[in-house]
Amino acid sequence: MNRGLLIVLSGPSGVGKGTVCAELRKKDKELIYSVSATTRAPRQGEVEGINYFFKTKEQFQSMIASDALLEYAEYVGNYYGTPRDFVERMLASGKDVILEIEVQGALKVKEKFPEGVFIFLLPPSLDVLKERITGRGTENSDVIDHRMNVAVEEMNLIHYYDYAVVNDKIDQACHRIQSIITAEHCRKDRFVAGLNTMAAATEKA
Ligand code: 5GP
């Protein structure tokens, strides 16, 4: 059985990764979402184990020490990380797994899983990005300014990615990402090992 695809959806904060990812999961029930661990406080409506695993700094550090995270990053004063075991088990069982993470973490995943599918989500413009960060209404103006500065730096990392998708309309962005996933499943490399085995069996017969 083929391993599943590791799909990394990244891009600047506020670009709509969470919304796009939630929509993708609705459209494709087979797609496995990796729930991250974080030291950030829960926002209103966020649920433990659904949105994040909320951890204290000490708990997070002990996850780092025991190598329980595939990657982690410090982002605007909080830690975020991907629990390793779940992702590896799902990939091994042939399921596609999607990580919705910021860019530092995505680059670390790329070092460990160069065969992953790295998708950079772009805002239609910087003005729209600022509106989205401000419109969320959960952060004060210092945090918003800081996030905008971080976002501009993050955009420069686009050349490390395989694909770029503009998040102008959620449905269109999802459709593009689904098309990328379908195309990645059709890569010849995923079939070569199986074909070689078939060829060897035919020669023997
Ligand atoms: P927020 O606080 O808005 O939920 O997330 C802040 C940023 O952290 C977002 O860009 C989000 O994609 C990213 N993030 C969420 N989970 C992870 C993770 O496990 N690892 C990394 N590196 N970033 C994450």
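A polar contact here is a pair of N or O atoms within 3.5 Å. Keep that cut-off in mind as you look at these close-ups, which come from a predicted model.

View 1. Which ligand atom lies 2.7 Å from an N or O atom in the side chain of glutamate 71? Look for a nitrogen atom of the ligand. Arginine 43 has a polar side-chain atom 3.0 Å from an oxygen atom of the ligand. On its own the ligand has 510 Å² of accessible area, and the protein covers 96% of it.

**View 2. The shell around the ligand.** There are 17 residues around the ligand, and Ser36, Arg40, Tyr52, Tyr80 and Glu102 come nearest. By class, the shell holds eight charged, five nonpolar and four polar residues. Strand E5 (69–75) and strand E6 (78–83) each supply at least two residues of this shell.

**View 3. The ligand between two domains.** Why does the ligand lie between domain 1 (1–31 + 96–205) and domain 2 (35–95)? Both domains give residues to the shell around the ligand, so the ligand lies between them.

**View 4. The second largest pocket.** Now let us visit another view, where about 410 Å³ of space lies in the second largest pocket. The lining of this pocket has 16 residues, with Leu5, Glu115, Gly116, Glu184 and Arg190 nearest its centre. Seven of the lining residues are charged, six are nonpolar and three are polar.

Notes. Residues are numbered from 1 along each chain as its sequence is written. This is a predicted model: local features need pLDDT of at least 70, side-chain atom pairs count only at pLDDT 80 or more; totals for chains, interfaces and linings use all residues. Side-chain values use heavy atoms; hydrogens and water are left out. On a 1 Å grid over the protein atoms alone, a cavity is a set of points where a 1.4 Å probe fits but cannot get out, and a pocket is an open set with protein on both sides within 12 Å along at least five of seven lines; lining residues have an atom within 4 Å of a point. Grid points are joined across faces, edges and corners, and a volume is the space filled by probe spheres set on the points. Ala, Val, Leu, Ile, Met, Phe, Trp, Tyr, Cys and Pro count as nonpolar, Asp, Glu, Lys and Arg as charged, and the others, Gly among them, as polar. A residue is near a molecule or strand if one of its heavy atoms lies within 4 Å of it. A polar contact is a pair of N or O atoms within 3.5 Å; within protein, one must be able to donate a hydrogen and the other to accept it, and residues adjacent in sequence count only if both atoms are side-chain atoms. Accessible areas come from the Shrake-Rupley method with a 1.4 Å probe; for residues, only the protein chains shown count as cover. Helices (H or I, at least four residues) and strands (E, at least two) are DSSP runs, numbered from the N terminus. Domain bounds come from an automatic or database domain assignment.
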